Amino acid sequence: MGNEFGKKVNYLLQQLYDTQDITCDGDALDIGCANGANSIWLAEKGFNVVGIDKILPAEFADHNDVKFLTTSVTDFNFQPDFYSLIIAANILQFLIRSEKYKILASIEKSLKVGGIFICESFTVEDESYKESVKRDSYGSYFELGELEAWAIKCGFEVIFSNEKVVKDNHAPMGEHSHGIVSLIIKKNS
Ligand SMILES: C[S@@+](CC[C@H](N)C(=O)[O-])C[C@H]1O[C@@H](n2cnc3c(N)ncnc32)[C@H](O)[C@@H]1O
């Protein structure tokens, strides 16, 4: 087992499903899928799903419903005009800034017209932000409003946008807080 993340379906998926008239077919991509809850949920709803992560549970190699690939998103071949839905939940913060924007551009190109992108990532309100700046290394945090501004600049329709600070509690940090940006956007052209 690689890590403890990805065991719960992201609330943005359920929210999208409950509030929008989406057609659950076509191809979906779950970037940084970890233990695959989002991938499996999407497959159950009817999508053909690829879940990618640097570290995956060994038993995912021959999963019946989802094609899980062990790869870094930075090495993944994004097919243009291909996906109906892409989710990147709590993964982009692990990339350096230039990689993050390269991946966002690949995601934009890889979505079909009408396709949905769901993104959650850390903002500069995250507790770890100041330390990360001091270390000048790990971590890429969105300024407040930055991700939505990128989406609007690319011509996406914003379906849902939210920025908040939430408490969390897991190893190795114990209790801590995250600054989180959450976005559901749609490619209309
Ligand atoms: C915090 S977990 C999020 C898991 C899941 N998406 C969720 O929201 O519960 C981040 C995941 O991203 C993966 N990850 C980090 N850097 C990655 C990269 N460059 N390419 C692919 N996966 C990566 C980690 O292995 C980890 O499983």
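How many helices and how many strands make up the secondary structure of the protein? The count is five helices and seven strands. The legends below describe close-up views of this predicted model.

**View 1. The whole chain.** Along the sequence, the elements follow the pattern α-β-α-β-β-β-α-β-α-α-β-β. The C-alpha trace spans about 45 × 40 × 30 Å along its principal axes. For 189 residues, a compact globule would have a radius of gyration near 16 Å, and the protein agrees, with 16 Å. Of the 189 residues, 36% count as buried. Take the contacts between residues at least 6 apart in sequence: 65% of them join residues at least 24 apart.

**View 2. Strand 1 beside strand 2.** Strand 1 (residues 27–31) pairs with strand 2 (residues 48–53) in the parallel sense. Five bridges link the two strands. Aspartate 27 stands opposite asparagine 48 of strand 2. Alanine 28 has valine 49, also in strand 2, as its bridge partner. How many of the six residues of strand 2 are buried? Five are, so strand 2 is largely enclosed by the rest of the structure. In a regular strand, side chains alternate between the two faces of the sheet.

**View 3. Helix 2 and its cover.** Helix 2 covers residues 37–45. Its buried residues are Asn38, Ser39, Ile40, Trp41, Leu42 and Ala43. What covers them? The cover includes helix 1, strand 1, strand 2, strand 3 and strand 4. Just after helix 2 comes glycine 46, with a positive phi of about 125 degrees.

**View 4. The shell around the ligand.** The ligand is surrounded by 19 residues. The closest are Phe5, Gly6, Gly32, Ala34 and Ala89. By class, the shell holds nine nonpolar, eight polar and two charged residues.

View 5. Most residues other than glycine have a negative phi, and most peptide bonds are trans. The exceptions here start with aspartate 81, whose phi is positive, near 55 degrees. Aspartate 81 is found in the loop between strand 3 and strand 4. Is aspartate 81 buried or exposed? Aspartate 81 counts as exposed, because 11 C-beta neighbours lie inside 10 Å. Asparagine 90 also has a positive phi, near 60 degrees. This residue lies in the loop between strand 4 and helix 3 (97–110). Asparagine 90 is partly exposed, with 17 other C-beta atoms within 10 Å. In the loop between strand 6 and strand 7 sits proline 172. A cis peptide bond joins alanine 171 to proline 172, with omega about 0 degrees.

Terms used: Residues numbered from 1 in each chain as written. Predicted model: local features only at pLDDT ≥ 70, side-chain atom pairs only at ≥ 80, totals over all residues. Near = placed C-beta within 6 Å. Nonpolar A, V, L, I, M, F, W, Y, C, P; charged D, E, K, R; others polar. Pairing = 2+ DSSP bridges. Helix = DSSP H or I, 4+ residues; strand = E, 2+ residues; numbered from the N terminus. Rg over C-alpha atoms; globule rule 2.2 N^0.38 Å. Buried ≥ 20, exposed ≤ 12 C-beta atoms within 10 Å, placed from the backbone. Contact = placed C-beta atoms within 7 Å.
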